[in-house]
Amino acid sequence: MKTHIFPTRRSGGRLSSHALLLAGITFAVSASPALARGTLAGTSIENTATATFDGPSGPVEVPSNQVTVLVDELIDPVVGSNDAGDIVATPGATGVVHGFTLTNNGNGLEEFVLTAVHTNGGDDFDPTANQIVIDSNDNGVYDEGVDTIYVPGTNDPVLAPDASVVVFVLSDIPGTVTDGDRGEVSLVAESATGTGAPGTSFAGAGEGGGDAVLGTSGGTDNDNGFVVVSSATIALLKSATIADPFGGAEAVPGAIITYTLTANATGSGSVNGVVISDLIPTGTVYQPASLTLAGAALTDAASDDAGTFDGTGVVVNVGTMAGGASSVVTFQVKIAE
Amino acid sequence: MLFRLAILLSVIVTPVAAHAGTPVSLSSDVFVERNEISADGKSRITLTEPKRIIPGDTLIFVVRYENASSQTARNFIVTNPMPAAVAFVDDAGERAEVSVNGGRSFGALADLQVPLSNGGFRPASADDVTHIRWKVESDLPAGKAGKFVYRGRVK
């Protein structure tokens with residue numbers, strides 16, 4: 001409660017006791033004043049005017065009645081994706097993380113119920129629900145085993161006006177998806193007080209004793225994120241050239257057959273652990289030390305390099321192949337004489 | 001001069017109490033102004049009792065005055081501080097003056113300035129208004145009544 005006293009100026013530069021008018025003003029606000037999101041729910045707005053005038057026996061001050069209005073609670077959650085773009089994942093990946101920020105744009109403490117939606121239309125596939133996790137250490141990054149798993153009705157976020165919390169939606173990717181497929185994941189936050197058309201009110205349900213009123217959000221908001229599948233597939237081509245002992249290309253005993261195995265990776269992702277292997281055809285004999293990878297010779301022994309001749313066939317560990325890459329393996333056999 | 005000062009001091013030390021049964025009365029009232037869109041898409045502004053208000057709502061404050069006495073109330077001035085949670089919205093009538101410095105001085109909003117931390121000034125805006133003051137010609141004759149209205153937005 002404050003009291004201000006105001007001398008007023010009077011025209012003509014003349015001061016008299018009449019000029020010493022007083023306006024004794026009282027007003028009070030029973031809760032904290034405005035925040036960025038507006039006056040807090042439960043705040044009393046109290047208005048009093050005061051008339052001053054000069055009566056027959058001196059200055060008189062007449063206060064008005066005080067009108068008091070209680071500010072009700074406005075409910076307005078906002079959900080926004082934290083991801084800069086699509087989250088890249090491989091087929092069969094688990095625990096793919098989408099981050100969201102839930103902000104209480106209302107003016108009262110409010111509890112929100114979270115739901116992750118994976119079965120959205122308009123995408124190429126539906127990721128499967130894994131779990132929702134609250135960023136309990138508040139660092140904006142998903143920390144497995146540290147951040148708290150969300151259990152509806154148990155640890156629903158309760159946010160003060162203007163406060164926000166980061167929520168992670170974890171999803172699994174089916175193994176059947178193909179390169180470039182996009183799947184949508186969305187997070188829905190609903191006011192625990194209620195949802196409905198904007199302007200809907202809940203009598204007495206507001207923070208601070210007033211009503212609760214749904215803002216433009218209708219008490220709920222959502223946002224989405226996408227996961228894009230990145231994978232690659234391998235196609236293997238095999239070709240052969242023959243050099244006979246007479247300078248021709250006839251498949252006669254003693255002719256040397258050079259086999260070329262070409263692996264082509266296509267797709268936006270990569271394939272790990274690519275192994276190119278081939279059996280030595282019956283009726284032929286492997287030519288020792290004829291194995292090459294990308295034009296470089298490989299030994300026949302195991303473990304010293306990527307290539308091995310194991311007595312029945314050749315095995316070359318190519319390793320990881322990114323989409324667009326090719327790996328060429330050659331070896332030679334002699335047609336049995 | 002000494003005499004006037006003495007009056008000033010006495011007034012401050014013992015503020016003039018409202019005379020019980022004073023024939024000049026003042027009443028304050030508040031309404032909430034809503035822009036309602038009806039089913040046919042037309043918008044309609046309604047004034048209702050402020051049973052339910054939220055930040056952003058427009059409040060209409062009405063101050064009614066009446067001089068029921070047989071005497072003229074000279075230098076009749078009504079002063080209304082803005083409630084802290086309410087921002088002044090627009091002109092409160094041609095008889096209104098506003099203050100942006102806690103009531104130390106009053107004037108037309110367009111003429112007022114707000115000091116900046118760098119020592120300069122910027123033009124005052126409606127959000128800066130701390131008090132509204134109205135004058136009735138200067139004297140309120142016996143038997144006269146009227147009202148002042150101002151509009152505020154819930155911050």
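## A look at chains A and B

Chain A averages a pLDDT of 87, and 89% of its residues score at least 70. Keep in mind that this is a predicted model. Where pLDDT is low, the predicted coordinates should not be read in detail.

**Strand pairing in chain A**

Let's begin with an open sheet of 3 strands in chain A, ordered E7-E18-E17, with mixed pairing. Strand E7 (73-75) and strand E17 (201-202) sit at the edges with a single partner strand each, so one side of each has no neighbour in the sheet. E7(A) runs parallel to strand E18 (residues 212-214) of chain A, and 3 bridges link the two. Across that pairing, A:Glu73 faces A:Ala212 in E18(A).

Next comes strand E12 (residues 128-134) of chain A, which pairs with strand E15 (residues 164-172) and also with strand E13 (residues 148-149). Further along, strand E21 (residues 256-267) of chain A is joined to strand E20 (residues 232-243) and pairs with strand E28 (residues 326-335) as well. Here are these antiparallel pairings of chain A, each with one residue pair to look for:

| Strand pair | Bridges | Residue pair |
|---|---|---|
| E12(A) and E15(A) | 6 bridges | A:Ala129 and A:Ser171 |
| E12(A) and E13(A) | 2 bridges | A:Ile134 and A:Thr148 |
| E20(A) and E21(A) | 12 bridges | A:Thr233 and A:Thr266 |
| E21(A) and E28(A) | 9 bridges | A:Tyr259 and A:Phe331 |

If you're tracing side chains along these, remember that in a regular strand they alternate between the two faces of the sheet.

Is A:Ile45 buried or exposed? A:Ile45 counts as buried because it has 27 C-beta neighbours inside 10 Å, and the cut-off for buried is 20 or more. Leaving aside residues up to four places away in sequence, A:Ile45 touches A:Thr68, A:Val69 and A:Val71 in chain A, plus B:Pro83, B:Ala85 and B:Val86 in chain B. For a sense of distance, A:Gly210 is 165 residues away along the chain, yet the C-alpha atoms of A:Ile45 and A:Gly210 are separated by 13 Å.

**Over to chain B**

Chain B has 1 helix and 10 strands. Of the 155 residues in chain B, 34% are buried. Among the contacts in chain B with a separation of 6 or more, 70% are between residues 24 or more positions apart.

**Two residues with positive phi**

Most residues other than glycine have a negative phi. A:Ala294 is not a glycine, but it has a positive phi of about 55°. You'll find A:Ala294 in the loop between strand E24 (292-293) and strand E25 (296-297) of chain A. A:Ala294 counts as partly exposed because it has 13 C-beta neighbours inside 10 Å.

In chain B, B:Asn75 also has a positive phi, near 55°. Where does B:Asn75 lie? B:Asn75 is part of strand E4 (residues 74-81) of chain B. With 18 other C-beta atoms within 10 Å, B:Asn75 is partly exposed.

How values were computed
Residues are numbered from 1 along each chain as its sequence is written. Chains are lettered from A and ligands numbered from 1 in the order in which they are written. This is a predicted model: local features need pLDDT of at least 70, side-chain atom pairs count only at pLDDT 80 or more; totals for chains, interfaces and linings use all residues. pLDDT is the predictor's confidence in each residue, from 0 to 100. Two strands pair if DSSP finds at least two bridges between them. Helices (H or I, at least four residues) and strands (E, at least two) are DSSP runs, numbered from the N terminus. A residue is buried if 20 or more other C-beta atoms lie within 10 Å of its own, exposed if 12 or fewer, and partly exposed in between; C-beta atoms are placed from the backbone. Two residues are in contact if their C-beta atoms, placed from the backbone, lie within 7 Å.
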